Amino acid sequence: MEKPEKLHAVLLSSPGMGHLIPIVELGRRLVADHGFEATVFVLPSSQASHAEAKIIDSAMIPKLLHVVELPAPDLSAAGLSPYATVFTRLVVMMREARPAFRSALAAMESRPDVLIVDLFGTEHLCIGDELGVPKYVYVPSNAWFLASFLYTPTLDKEVKGEYVDRTEAFEIPGCKPVRPEDVVDQMLDRSNQQYREYVRLAGEIPMGDGILLNVWEDLQAETLAALRNEEFLGRFAKGPVYTVGPLIRPVRPSGLGKELLEWLDKQPSESVMLVSFGSGGTLSAEQLVELAWGLELSQQRFIWILRKPTVKSLDDGSFFDAGKAGGGNDELSSFLPDGFTVRTRDVGLVLPSWGPQAEILSHPCVGGFLSHCGWNSTLESILNGVPMIAWPLYAEQRLNATLLAEEVGAAIRPKELPSKEVAGREEIAKLVRTMMVEEGGQAIRARVKELQRSAEEAVAEGGTSYESLRKMKEDCKKRIHQIMKAH
Ligand code: UDP
């Protein structure tokens, strides 16, 4: 049998903007740069939100990149506890979507040649075997996260008691150790279902033919070397690790609405701090007030994508509402200090619930980003040369914040975080001023500009990430031959 001319890649995204955005972008790169045909299957996070629909619409490349929404799975028989975490709900949704995914694949006119699932969808790798095609796992995060993730089944066997109760950092072979306070949310309580699911996913990743990672070689050279070295983490990763990033949506300020663009155009270059906590991040009411005061006291310009506060223990409280209206201006203002919007009206803008974050970051007036350190937000910041104040909230964000502040040099962070204490207004004001007007901030800005250049080079034709995706295509063709021969 002849190998197909144009390979058809089928990609499967788990719910949530943080997964949808990079997997759609991967599909687009496979098509635009490497001559694939691609179909991206998407599981809506709940009811389709306007923001999700916009990403899906903007991604379509007629005839070459299709985006197909799978029906939301019926979770009634899944035995999901009413207290299940966002993560547990996501992986269970992925599991329950298997019948719909299988039927959708069977109904496709163009047969898939390769399957790429995002990291919450490893239970779909067996579908690659059923179809007789190579299968890959796409990790929309960084190498240190991947390293610690792959090592979790080993820690699970070796460590007794709760990880957070340890005083010493966890050694990850060949990598920077992970401090107990930085472990991902899924590892905070070993009796919780999400912990078991997390360990299972980590153990399933090596079932794929390789891993695609949303970073570039120069960003994390040492950690990547450890991931490829059999003596360190190579024995857990098994297949090759392809660095394909940074993959973020290509956007321009011109894509912004008229009013917002006019406001941004009036601000001096690199003078505005963007404040945004990703698709699901929410602060406690007390923290929200301190942040408002901190911004005001800093006397710096800002744009704040503001969400309703949530109870303190639920930092991803908005996850399943991402991109939807979450309270109008009046309701949101009631959570801010009295008179805040009036006093800051000449320097600040508050956007309710959801805003065009990537487009705002691409505007030249933005000079700082107070961010929850989700990996997409981080990449959007770096690719626009914008330094960060790291304010991690949930998932793997504490790990990302430590990476950015201590290794990559792209961020500073409040000293109270990641503990659950409230960061006070004076400290916040100081951090904002440091970032926007003081020397310490200038050094980080210069470093981020360097990173921006190296990221741009990596994804350009001939760059390391471009070549890595080309290599993945070659390996994929070889694997197709092997599979065909074996049958
Ligand atoms: N985002 C956005 N508007 C918002 C909040 C988030 O467009 O108001 C986008 C943001 O630009 C990023 C994604 O949603 O591309 C969030 O992904 P990330 O990995 O940063 O964090 P997560 O939401 O997964 O925690």
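Okay, let's start with the ligand. The shell around it has seven nonpolar residues, eleven polar ones and one charged one. Before I go on, please keep in mind that this is a predicted model. The chain averages a pLDDT of 91, and 92% of the residues score at least 70. For the model scores, we have ipTM 0.99 and pTM 0.94.

Which of the 19 residues around the ligand come nearest? Those are Gly18, Gly278, Ser279, Gly374 and Ser377. As for helices, H1, H15 (357–361) and H16 each put in at least two residues of the shell. H16 gives the most, with four residues.

So where does the ligand sit relative to the domains? Well, the chain is divided into domain 1, which is 8–249 plus 461–486, and domain 2, which is 258–455. Both domains give residues to the shell around the ligand, so it lies between them.

Let's look at how those two domains meet. Their centres, taken over C-alpha atoms, are separated by 27 Å. The contact takes 32 residues from domain 1 and 32 residues from domain 2. On the domain 1 side, H1, H2 (50–59) and H6 each supply at least two of the residues that touch domain 2. H1 has the largest share of that side, four residues. If you sort the domain 1 side by class, you get 14 nonpolar, eleven polar and seven charged residues.

Now for the inside of the protein. In soluble globular proteins, nonpolar side chains tend to be buried together. Here, the largest nonpolar core has 142 residues, and Ala147, Ile211 and Leu212 touch the most other members. H1 shows up again: residues 17–34 make up this helix, and with eight residues it gives the most to the core. Domain 1 and domain 2 each contribute at least three residues to this core.

Let's zoom in on Ala147. What does Ala147 touch, if we leave aside its neighbours within four places in sequence? Its contacts are Ile172, Cys175, Thr223, Ala226, Leu227 and Leu233. Ala147 is also one of the buried residues of H6, along with Trp144, Phe145 and others.

Why is H17 largely enclosed by the rest of the structure? Because nine of its twelve residues are buried. Among them are Gln397, Leu399, Asn400 and Val408. The buried residues of H17 pack against helices H6 (143–150) and H16 (375–383), and against strands E12 (388–390) and E13 (411–412). Just after the helix, Gly409 takes a positive phi of about 75 degrees.

One more residue, and then I'm done: Arg398, which is in H17. Buried or exposed? Arg398 is buried, with 24 other C-beta atoms within 10 Å; the cut-off for buried is 20 or more. Along the chain, Arg398 and Gly374 are 24 residues apart, while their C-alpha atoms are separated by 9.5 Å. And Gly374, remember, is among the residues that come nearest the ligand. That's it from me, thanks!

Methods: Residues are numbered from 1 along each chain as its sequence is written. This is a predicted model: local features need pLDDT of at least 70, side-chain atom pairs count only at pLDDT 80 or more; totals for chains, interfaces and linings use all residues. A nonpolar core is a set of buried Ala, Val, Leu, Ile, Met, Phe, Trp, Tyr and Cys residues joined through C-beta atoms within 7 Å. Domain bounds come from an automatic or database domain assignment. Two residues are in contact if their C-beta atoms, placed from the backbone, lie within 7 Å. pLDDT is the predictor's confidence in each residue, from 0 to 100. A residue is near a molecule or strand if its C-beta atom, placed from the backbone, lies within 6 Å of it. Ala, Val, Leu, Ile, Met, Phe, Trp, Tyr, Cys and Pro count as nonpolar, Asp, Glu, Lys and Arg as charged, and the others, Gly among them, as polar.
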